[in-house]
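Please look over the structure below before reading on. The briefing then goes through it topic by topic.

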Amino acid sequence: SSPSRIHDMAPAALDARIRAVERTASFQLTQEQRDAVRSLLARPVAVLQGGAGVGKTAVTTVLAGVWEALGGNCVLTALSGKAALQLSRGASAPGRPRIAFTAARLLSLLKKREEAAAAGDVFPADMPKISSDTLLVVDEASMMDTPTLRDLVEKLVPGSHLLCVGDHGQLPSVGIGRVFHDLVADAR
């Protein structure tokens with residue numbers, strides 16, 4: 001099974017994967033959160049919106065775990081270093097650390113990877129990559145400006161997925177654009 005074939009999975013098989021990841025993460029989602037995981041996994045572009053304390057990090061942790069259990073690659077990013085650290089801590093599970101990068105650092109590393117590949121150089125295996133089996137999670141997306149989000153989206157390739165996580169009640173980005181806020185408004 002691969003992440004791109006999630007929509008072909010039997011609901012019971014997907015539920016079993018979700019519950020297995022919950023056990024590994026040592027917490028249990030609510031039924032509404034499980035439904036959100038199912039829905040978000042099926043969408044190539046998705047938005048997870050909610051206020052503080054509603055469980056966005058728990059949903060993201062399980063979603064990333066299911067994605068990886070199906071053979072996918074999960075790349076985590078946030079606008080600020082503090083948010084990236086919080087995302088790393090929150091999305092990691094016992095025995096399964098997940099490293100989140102600031103958007104600027106991620107874009108820099110992806111550029112270095114592209115340059116190394118073009119030159120035929122070897123690059124570290126732990127350097128982040130975007131491929132057809134990648135789920136790119138953008139946390140605190142409500143604060144991401146349009147140019148930065150555009151730069152991240154331009155790194156996506158056919159088959160990769162994008163999840164924007166945030167709180168539309170938060171302040172919008174300091175830079176231009178309100179992409180996350182517009183996506184939330186569009187979904188209504």
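This is a predicted model: local features need pLDDT of at least 70, side-chain atom pairs count only at pLDDT 80 or more; totals for chains, interfaces and linings use all residues.

Residues are numbered from 1 along each chain as its sequence is written, and side-chain values use heavy atoms, with hydrogens and water left out.

**Helix α2 and its buried side**

- Helix α2 spans residues 31–41, and its buried residues are Gln33, Arg34, Val37, Leu40 and Leu41. Buried means under 20% relative accessible area, exposed means over 50%, and partly exposed lies in between (1.4 Å probe, protein chains only).
- These residues sit on the same side of α2, because they cover an arc of only 130° around the axis. The arc is taken from the directions that run from the helix axis to the C-beta atoms.
- An α-helix has 3.6 residues a turn, so residues three or four places apart point the same way.
- The buried residues of α2 pack against α1 (11–25), β1 (45–49), α3 (56–69) and β5 (161–166). Helices (H or I, at least four residues) and strands (E, at least two) are DSSP runs, numbered from the N terminus.

**Val37 within α2**

- Val37 lies in helix α2. Its relative accessibility is 0%, so Val37 counts as buried.
- Setting aside neighbours within four places in sequence, Val37 is in contact with Ile18, Leu29, Val59, Val62 and Leu63. Contact means heavy atoms within 4.5 Å.
- Val37 and Ala58 are 21 residues apart along the chain, and their C-alpha atoms are separated by 9.9 Å.

**The α5 and α6 pair**

- Two packed helices are described by the angle between their axes and the distance between the axes.
- Helix α5 (residues 103–119) packs with helix α6 (residues 146–154) at an angle of about 35°, and the axes are 11 Å apart. Axes are lines fitted to C-alpha atoms, for helices over the stretch in contact, and angles run from 0 to 180 degrees between N-to-C directions.
- On the α5 side, the contact is made by Ala103, Leu106 and Leu107; on the α6 side, by Thr148, Asp151 and Leu152.
- By class, this contact of α5 with α6 has 4 nonpolar, 1 polar and 1 charged residues. Ala, Val, Leu, Ile, Met, Phe, Trp, Tyr, Cys and Pro count as nonpolar, Asp, Glu, Lys and Arg as charged, and the others, Gly among them, as polar.

**Positive phi outside glycine**

- Ser26 has a phi near 65°, a positive value in a residue other than glycine. Ser26 lies in the loop between α1 and α2 and, at 58% relative accessibility, counts as exposed.
- Glu140 is not a glycine, yet its phi is positive, at about 55°. Glu140 lies in the loop between β4 (134–139) and α6 and is partly exposed, with a relative accessible area of 24%.

**Cysteines**

- How many disulfides does the structure hold? The structure holds 0; a disulfide is a pair of cysteine sulfur atoms within 2.5 Å.
- The sulfur of Cys74 has its closest cysteine sulfur in Cys164, 13 Å away, which is too far for a bond.
- Cys74 is buried, with a relative accessible area of 14%. Cys164 also counts as buried, at 2% relative accessibility.

**Ala42**

- Ala42 is found in the loop between α2 and β1. Ala42 is partly exposed, with a relative accessible area of 45%.
- Ala42 and His7 are 35 residues apart in sequence, and 5.8 Å apart in space, C-alpha to C-alpha.
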